[in-house]
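Here is a short tour to read with the model open beside you.

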Amino acid sequence: MPDAELVAAAASATAVVDGPQAAIDELTRAIAARPAGAREAGRMHLEARLAVIRSFLPEQRQAASAHLRGYANLPGITPDERTLLGLLAQTGRYEVWPAEEVAATARRALAGGAYFEDCAGSTDAMVAWVVALVALISADGFDDARREIDRAKQRVHRRGSPVEFAMVCSPAIFLNWQLGNLAFVEAETEGVLAAVSQEDPVPHVIALRATATHFGAYSALERGDVDGAAALLERFDAEHFDVPRVIPTIWLHEPRAGVALARGNPELARAEAFGQRDLLDAVGVDPPTISWRAPAVRALLLLGEQHEARALAGELVAVARKWNTPTEVGAALRVLAHADPDDRLDLLAESVAILESSPARLHLARALVDLGEALRVAGRRSEAREPLHHGIDLATDCGSIALRTRAVAALEALGDRPRKLMFAGVQALTASERRVADLAVTGRANREIAQELFVTPKTVENHLGRIYTKLGISGRRELARALS
């Protein structure tokens with residue numbers, strides 16, 4: 001192993017200095033030169049490092065898939081076996097294998113927390129931990145993923161680097177987006193971007209920034225802050241215009257399409273969605289969890305292209321059923337309902353029924369609001385009230401102001417007067433302010449809070465000033481009472 005570890009470390013350095021392709025060539029030669037069998041420990045270490053470096057690059061995706069499929073039967077006993085299994089789980093998500101199979105592979109890689117304990121301290125090894133978790137979350141393995149993330153957070157808070165902190169937060173962001181915890185998503189995306197702001201733009205750092213930008217833009221759109229979502233995306237583009245493309249940057253076309261739709265530009269939204277489609281087609285990737293088809297369907301309907309919209313929505317349902325999780329099937333049926341006016345009510349009712357078996361509250365809230373609106377338009381006014389009220393409650397709990405506003409408008413059209421959403425006191429705090437307040441109330445000093453959140457003490461001081469103003473208090477001594 002010692003010589004293989006040196007070669008792998010040298011290849012990681014080569015990836016930074018000369019680019020990932022040079023590192024791939026270096027590792028390929030080193031593997032070919034080893035005389036031992038395919039499962040010899042040193043060879044496996046080099047194979048794992050090769051798989052990690054390949055995992056970011058669109059042009060290497062299909063080669064990576066062929067490479068990883070040869071390791072599908074690994075038991076996951078060693079860290080290198082777990083690395084290969086974690087990346088194989090990502091491949092299964094990309095290629096839409098049955099979610100149950102992908103989840104089993106991801107669990108084998110994670111090994112109940114053992115993999116993180118082995119890989120902590122090595123960002124190369126942690127890449128596979130992150131993507132295994134994302135695959136598990138995509139497969140609706142929410143409870144196992146939450147436990148894994150909670151354990152990892154405890155460790156990185158004690159002795160992790162900023163990049164390790166960001167790598168643990170990244171799947172946590174995705175988990176909480178799927179669960180509909182938008183305040184958490186907003187706060188964690190800010191934390192990730194702050195943690196890696198001074199890091200060199202190597203592939204895993206670019207991927208972390210792209211992921212945080214992606215879900216930060218989602219959260220801003222749900223709050224109705226279209227300009228804020230656009231600003232996040234523009235900032236990423238400005239800072240990364242001359243860096244190598246990695247696969248997570250492809251997903252950014254989808255929130256760009258969402259911004260275009262919110263600004264009333266379906267032509268641009270269609271172009272962004274189809275741009276993502278073309279890039280994914282070129283590398284053989286089509287996961288249902290971040291689908292270009294959803295914004296494309298909305299854009300096509302606005303452009304009057306009903307037939308194409310219906311066909312794309314049908315494709316989305318087919319992909320979701322192939323993946324076969326309640327979250328994605330329910331969400332896809334809601335999109336199909338928009339494109340199929342003849343069966344809209346039945347499709348929305350089915351979407352709601354399926355999503356009620358998933359913890360994905362924001363998806364359920366959307367389906368409920370859509371069902372309520374469709375019932376109202378169909379003249380079934382008394383039936384429309386219950387899904388609209390339920391949708392409003394869920395949208396409020398999730399923090400989706402945009403969805404709540406739409407549901408309130410539908411109820412008001414029925415003559416109802418929903419309770420107004422008041423932002424005062426604790427409710428007026430932003431996600432980042434609440435996170436700082438919760439740490440401050442435990443007695444941590446500003447510098448300790450800054451260290452835990454990877455921001456400057458001045459940032460913490462500014463947050464606290466705004467917190468005191470919003471809560472109408474003069475300092476920390478009153479903070480615990482004001483938050484209760």
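Val-96 sits in the loop between α5 (79-95) and α6; helices here are DSSP runs of H or I with at least four residues, strands are runs of E with at least two, and both are numbered from the N terminus. This is a predicted model, in which local features need pLDDT of at least 70 and side-chain atom pairs count only at pLDDT 80 or more, while totals for chains, interfaces and linings use all residues. Residues are numbered from 1 along each chain as its sequence is written, and side-chain values use heavy atoms, with hydrogens and water left out.

Most residues other than glycine have a negative phi. With a relative accessibility of 5%, Val-96 counts as buried (buried means under 20% relative accessible area, exposed over 50%, and partly exposed in between, with a 1.4 Å probe and protein chains only). Ala-111, in the loop between α6 and α7, is not a glycine either, and its phi is positive at about 55 degrees. Ala-111 has a relative accessibility of 28%, so it counts as partly exposed.

## Helix α9 and its cover

Does the length of α9 fit its residue count, or what span should we expect? At 1.5 Å a residue, the 18 residues of helix α9 (residues 142-159) should span 26 Å, and the end C-alpha atoms are 26 Å apart, which agrees. The expected span is 1.5 Å times one less than the number of residues in the helix.

The buried residues of α9 are Phe-142, Ala-145, Glu-148, Ile-149, Ala-152, Lys-153, Arg-155 and Val-156. Their cover includes α6 (99-110), α7 (114-119), α8 (123-138), α10 (162-179), α11 (182-195) and α19 (326-339).

Ala-128 belongs to helix α8 and is buried, with a relative accessible area of 0%. Beyond residues up to four places away in sequence, Ala-128 touches Thr-83, Gly-86, Leu-87 and Tyr-115, where contact means heavy atoms within 4.5 Å.

His-204 is part of helix α12 (residues 203-222), and its 17% relative accessibility makes it count as buried. Setting aside neighbours within four places in sequence, His-204 is in contact with Phe-56, Thr-123, Val-127 and Val-163.

Trp-177 lies in α10 and counts as buried at 9% relative accessibility. Among the residues that Trp-177 touches, not counting those up to four places away in sequence, are Leu-182, Val-185, Phe-215, Tyr-218 and Arg-366. Trp-177 and Phe-215 are 38 residues apart in sequence, yet their C-alpha atoms are 7.5 Å apart.

## Further along the chain

Phe-274 is found in helix α16 (residues 266-283), buried with a relative accessible area of 13%. Leaving out neighbours within four places in sequence, Phe-274 is in contact with Trp-292, Ala-296, Leu-300, Glu-308 and Leu-312. The C-alpha atoms of Phe-274 and Ala-296 are separated by 7.3 Å, with the two residues 22 apart along the chain.

Ala-395, in helix α22 (residues 381-398), is buried, with a relative accessible area of 1%. Apart from residues up to four places away in sequence, Ala-395 touches Ala-365, Ser-400, Leu-403 and Arg-404. Ala-395 and Glu-222 are 173 residues apart in sequence and 9.5 Å apart, C-alpha to C-alpha.

## The whole chain

How many helices and strands does the chain have? There are 27 helices and 0 strands. The radius of gyration is 23 Å, close to the 23 Å that the globule rule gives for 484 residues, so the chain is as compact as a globular protein of that length. That radius is taken over C-alpha atoms, and the rule is 2.2 Å times the number of residues to the power 0.38. Along the principal axes, the C-alpha atoms fill a box of roughly 80 × 60 × 40 Å.

Of the 484 residues in the chain, 56% are buried. Among contacts with a separation of 6 or more, 63% are between residues 24 or more positions apart.
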